[in-house]
Structure formats: structure tokens, C-alpha cells
Amino acid sequence: CFVGIAAIQIGLVDILRTVGLEPDGMVGHSVGELGCAYADGCFTAEEMVLAAYARGRASLEGDVIHGMMAAVGLGYKEMQERVPPTIDIACHNAHDSCTLSGPTDDVLSYVKELKEQNIFAKAVSAGNIAYHSRYIKPVAPKLLEYLSELITEPKPRSKKWVSSSVPQSKWSSEAAQLSSAEYHTNNLLSPVLFEEACTHLPQNAVVVEIAPHGLLQAILRRSLDAGCVNVSLTNRSASNSVRQLLEALGTLYLNNVSLEVNALYPPVEYPVSRGTPYIAPLVTWDHHETWFHEFENILELMSHSNEVEVDLDVSFEDYPLWTNHCIDDQIVLSPSQILVYIWKLQLTSNGLDFEKDAILIEDMVMSRQVALKPFSQNLVMTIRNGTNDFGVLLKEKDIYGETFLTGRVKQIQQPTLDLPTDKEEEEEDRDDMDISGAEVISVLSHFGYQLGPKFQAIKHICIKNKGFTAKVEWTGDMVTFTDALFKLILFLEMDSEQRFLYPSSFRKLIVDSAMFFQLKKGTIVDLHYDSRSNVLSCQGLILVGLKMSPDPTFNSTIIPLQWKKTTFVPFNSDKLKMEEFLSVSLQLVAEEKLNSWMSKPPQILILQIRDNNETRSLLRRALKNTVKNLPHLLIKVQYIELNHLMNQFKFKSGENYLVVGNLECVQQLVGSVQSSVFLLAHNHRSEDLTSFNTLRPVLIHHLKGGDQLTLLKKKTNVEQLRILELDNKHWLSELSHLFNGSDSRQPVVVVVSRKWEPKEILPILANQNYSHRVRCVFLDKYAPQFSPNCPLYHDQLSVGLSVCKLYRGTWGTDCTFTLDLDPA
């Protein structure tokens, strides 16, 4: 049975991957966690089948009682006070459903008792085994033995996989980090916490059940949010399983899930051979449905529409507002301005008040923005009665252009829209990045968005691991407020290459106007954005599924295909080109506090000290080219006076810093910076760096004329470091114990690994709340016995790098480079 389930789940997962569908999250029910392991990349297909076989074999060989399970129409919380002492609650399915497990006679007797109380109860044989109860424990030793032989090198579980066998309070434990033999043995022994796991699903999720039969569909429909879409790929009662699967894929497509359906069929080679039949005769009309016959009245209703034109010239009353929104020195209508025109047209044509009634705009699609021209231009906006579909086109010199904005708009009853609170996220996002509104406007200006005072409503943004929170000023104008929402997402998504982005589509925008127009001007509104569900919300507004795209109206650089390689780079290498030297330096900066191994891009601020050195212009050009090849890093450059940097500048704990200047400036700055700050000095080779007792060189690059660039770091006191060698699988709990002691001063711990590579343990360490206090040393099999007193190790530890690697007797690190190759 278990092997059959595994085989079907492997096939279904492979089909979904074939059509280009990758999950944003996954939850397994009981043995379904084996399917999660396969979908998450922790198991191969062979390993999943053998793991399922091991589960079945151990169940048959174990000395267990004759047991039975039962489905009950009451939730775990209600059932735990009623269940007899000999019976366990095996599965927490939903708020109104659970599964019991225990001895056969006791379960049958209790099922009968529940039915007499008019409570739904149904006995399930489950192979005469009481799974997920105390009675299954004799199976555990055999299962652990078989799985340990199979899973010799367990892989880390990704954040996509929400555990249903480990309570949330223990998700950070070492046992929950890996898809190990212990994890899957615990799955068999522990109750299924499916109800608890499902609370982590977004409110508008598309939920796909991957199983031989859609057994959980009824539970999912009752327990998940009304906005969720539930799709089962299989149904044992379906007369045609292939048709059932294709209809399920069609349901996904209709719910905005992009699929590459051509991958399901063999490729067609053209020209086709003579005699190939046409497919047209295969498409027939379905006469089983009854349609309306009174088409005349329907067509008359559909033909009526509301239409309005707006002259885009200086005489229009909103022109002063338009001039506050410019892109690349051109006046460009804010998309929010056009949407508000549509919004007003819909409400006023139905006798409603723009400032009091709520509105819903759905399925908005915008192909370009509108830049004002010196000749005659008119916005023509139409809303069709009956469907509420709207379209906007631009008429230039009395010539109608193509429709560039479409969607649906309708008035709705007063919605309940509140700012969500996610205490769990607040606890996780400890390395938040706070940015002032002035900084946001400055960055937008640097990228060509010239916003006047009326469009500067953004006052603050705090970027988190799973989105951001922000503060926006309400000025009494819905145009500028809505535009601020678009600009926040734009600020989050834009990069150094794709300059001009605009809101090209969104699924839904709901606004309760009365909520806003009762506020005083100058009121600060709190917003919350969840990047996992792509939902931006505040009290009185929700924006779902906003997508930013490059604007074809403006010139925009296309990002070329890049080929990259990761290789070991010795710190004493003299073969690096200047841009390669800078790339290694920036990757070392990003790796400080293990920031580059976290899920969100690391922030690097390069502080360029103003001086008259000629090397500065060369360095500036090289840095610019290097940054382009490191798109996974968020890098900003700021020019600053030395006095300001020493006396007034405040270094933030959440960012990584690289200070660039000549050797004299760097020498003066040593006492003012933290040990985590990197220093890049340009100096002459004749200048002796060893005279600086507080600085250690990391990398050196020689320039023409006897000059050189030196990456420096403040010296670390090795005697104050604590050492932990990773020699067993319990290393994470041992490391956590070092930081959970009673010492008031948290130690800096050097983790030494011979067995594991950086990519295996650094992602795990980076997600611990003490990651900024960890240094990692990786040794190959040729390295001598580790000791901090050994000169080889003592000298390198004093440099204070977060990550370093000893490979064939040479210290260095793994770095990624862009290859100058022609992909053709």
C-alpha cells in the first residue's frame, strides 16, 4: 500500500514539474511526508519508494496489537476530553475532523457509542495496525534501522516544507532540520498535526492534493480560507483518470497558474506528412446545456456603456498634480491616476459617492504608461454595463490607439479590511532593514523617477525576510496614496539594470473610501506586505497579486544571459584581475555574519571616502562593472567625508560595510569602525602594512606603477574565541547550547568542519538567531589537527573572517565568478 502511494505521488510530482509548476509550500499528511521529501529534493524517486517499502515492511514485522483507526466528525480540541483512555487521537485533520487509533475492540465499541450520539464516526481497518498511536512503538526500531541504511546522508528540509509531524515549537530543533531516518521514524510514531500545519497556508492559496485519491478534499474545503482553491489531481470514482488529471490542470490554469502544457505532448515536427488529419472535426458543440433565448434584451443591456474623455493638456484641472510625477524627465500619468478616473466614473454613473462607497477593481492589465506629449492627447475610458469590464485607450491627434488598460470595476458593500499582525514573523525578522522615506525618494530619483512633493507620501519602510512594513502619509488624495503603494513594490523589486518598472497587472484591489476620507490630512497609515502571498494591505485597503514589468515606453537595458562558476580562491592569489579581486572582496563582505547565506539578499553599503587619489576613478569604474555581475547582492555606494564618517556616521547592525579610501584615511578610521567592517585601502607597495598592529590584510591586488589595493579587517583576539569541532550529527544542538548559557556576554564560536561542505551547513547556521556570533572554518582531509594555538590556524583566526577554507595547505574561500563565454 505504501509503495503504491509513493509511486503515484512520484508520478504526479513529476508531471507537475514537467508542466513548470513548482510549489511555494508543501504539507504532508502522515505518509504524505515521504512525498514532501521527494518534492523538496531530499529523496530521489528510488529512495522514496524504498522508504515507503521500509515503512510497510517494519509495520508487518513489528510485534503490534490488532488495531484499528476511525474517522470522527469532531476536532482534536473537542475530542481530547471525550476519548477513552485506551484510544489515542492519531490525526488532527481539521477543526471538525480527527482520526482515532487504538485496539480493534475498543475502537469499534467507541465508534458505535459516537453514532448513538449522532456524531459521525467510521471505522477504518488500516491493515489492522493502530498507526500514529502508542501501540505502534514496537515498529520504531526496525523502521529506524531500515531507514538509516537507506538515508546515509540526510539533506536539509527547505522552508517550503511545513512539518506536520513536529510541533511548531520544535521546528528550530536539530531533529526537524533534516529529512533523516529519525525524522521519518518520528512521523510514524507521532500524531499527524495537519490542522496546525494548514494554518500556515496563505488566504488565497491554490492547494493541490497529490495522492491516489482526493481523500482530503472535503476536509480542505471546510478548514481552509474561502479564498483558497482546492484541486485534486486524482479521483478513484472518475471513469477516466487521464481526463481527471487534465481537468485538474485546467482548473489550475483558470486560477492564474501558468502551465507549460506542451510538455505533456510529443513535439510536432514540421512540415507534417501528407494525410495528417485535421483537428477541426474533433471540436464539436456541446448541446447538453440550456442557454438563454432572449438574446435581444441581453445584447441591448450589454451594448450600453459609460464613457468619458480626459484632455491631457495644461488646461485640465489635474495638470498641476500630473507635473509632480515624472520619469526620465517626462511627465508621465501615474497608473493610480487613471485607475481613480475609472473608479470615479463607475461610482458617479451609479449615483454613488467617491468618498463614501467602497470599490473593487479586478484583473487589471496595463501594457504601458502614458507620457504627455506636446500635441493633442485624450484618455478615452469606457465601462461596459452588465459585465463592468473597462478599457482605456489613448487618442492622439484624433486617431484612436489600441487599448492599453483593461479590467473590471464594481462597487461593493463596506468590506472589513484590517492590517494583519504576524507575531511569528516579527520574532523571525530580527535583521530588518529600516529605510527612511527620504532615502526611498532619493533612490527612486537616482533611477529616473522624479517625484514632486505631492507624490512623496512614503515616510518609512522596514524590509523583512518575508516582505516589508511601511508608513505612508494620507494627504487627502487617493491618487497619491495609491501611487505610494505601487512605488513601495517598485522600490523592493527594481535592480541596477532594469530601470523603469510599472504596475503591469494585479488580481484585485479593494478600497473602502470612507475609511480614508474620515482621516485627517497628515495621518500616517501603516501598511504590511507579505511577499509569500503577494498581498499588500492596510486598514481599509487590500492589493493582491501586483506585478511589476519593464515599461516599453522607455529605453531599458536587457539583462544578458550570464554563465557563472563557483571555485576556490586562495587569499594569497596574485592572478586575480581587478574586477575579480573586487568580486571576491564584495562576496567576503556579504558573507560577514553569514548574511549571504540567508534567504533575503544581503545589503552592502560601500562608503567611498572623498580624496584626490587618481586610483579612485579607476576603482569606481571597476566597482560599477563588478556590481553588475553580482545581482544577488544589494549594493549601494555612498561618497562621504572622512570627518563625517569618523564622528557622525552610524553603522547599522543589519548591513555589511566596505569602506574605501587611501591608506592614510583608513589608518585614521581604524578606531571608529566595528570589527565587522571591511576596509579597502589603495596604497603603494613600499608602505609597510605590518606596522598597523590592529589591522590584518585579507586580499592584495597589485596595480601598475607600484600601487596596490588591500582588503583589510580589524584584528581579532583569538584567545577570546570558543571552538566547536563538528564531529557528530548533534552539532547543532551542541552549538545552540553554547549560546544558551548564563553568561551575560555572548561568545564568538568558531565552528570547525572536516566532514561537511559550506553549502551543507551554512544555510542552517544562517537561520539561527546567533549566526552573527559564529565563525566557520572548513578543513580538507590533508589539514593537520586543529588547534587555535597552532600558528597555521592562529594566524588565520586573527583575521576574523566569518567563513574561510583550508584547501591543500592554502587558506581561501569559495567564490562565484561570471564567465565571459558565448552561450551559442
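With which residue does Arg 696 form a salt bridge? The partner is Asp 795, and the closest N and O atoms of the two residues are 3.2 Å apart. This pair links distant parts of the chain, since Arg 696 belongs to strand β33 (residues 695–702) and Asp 795 to helix α25 (residues 791–797), 99 residues apart. Arg 696 counts as buried at 16% relative accessibility, while Asp 795, at 40%, counts as partly exposed.

The model is predicted.

| Salt bridge | N to O distance |
|---|---|
| Arg 243 and Glu 247 | 3.1 Å |
| Arg 696 and Asp 795 | 3.2 Å |
| Glu 592 and Lys 713 | 3.7 Å |

The side chains of Glu 592 and Lys 713 meet in a salt bridge. This pair also links distant parts of the chain: Glu 592 lies in the loop between α19 (578–591) and β29 (603–609), whereas Lys 713 lies in strand β34 (residues 707–714), 121 residues apart. Both Glu 592 and Lys 713 are buried.

Because they stand 4 residues apart in helix α11 (residues 241–254), about one helical turn separates the two. Arg 243 is exposed, with a relative accessible area of 54%; Glu 247 is partly exposed, with a relative accessible area of 43%.

Salt bridges also join residues into a network, whose members are Glu 362, Asp 363 and Arg 408.

Technical notes
Residues are numbered from 1 along each chain as its sequence is written. This is a predicted model: local features need pLDDT of at least 70, side-chain atom pairs count only at pLDDT 80 or more; totals for chains, interfaces and linings use all residues. Side-chain values use heavy atoms; hydrogens and water are left out. A salt bridge is a side-chain nitrogen of Lys or Arg within 4 Å of a carboxyl oxygen of Asp or Glu. Buried means under 20% relative accessible area, exposed over 50%, partly exposed in between (1.4 Å probe, protein chains only).
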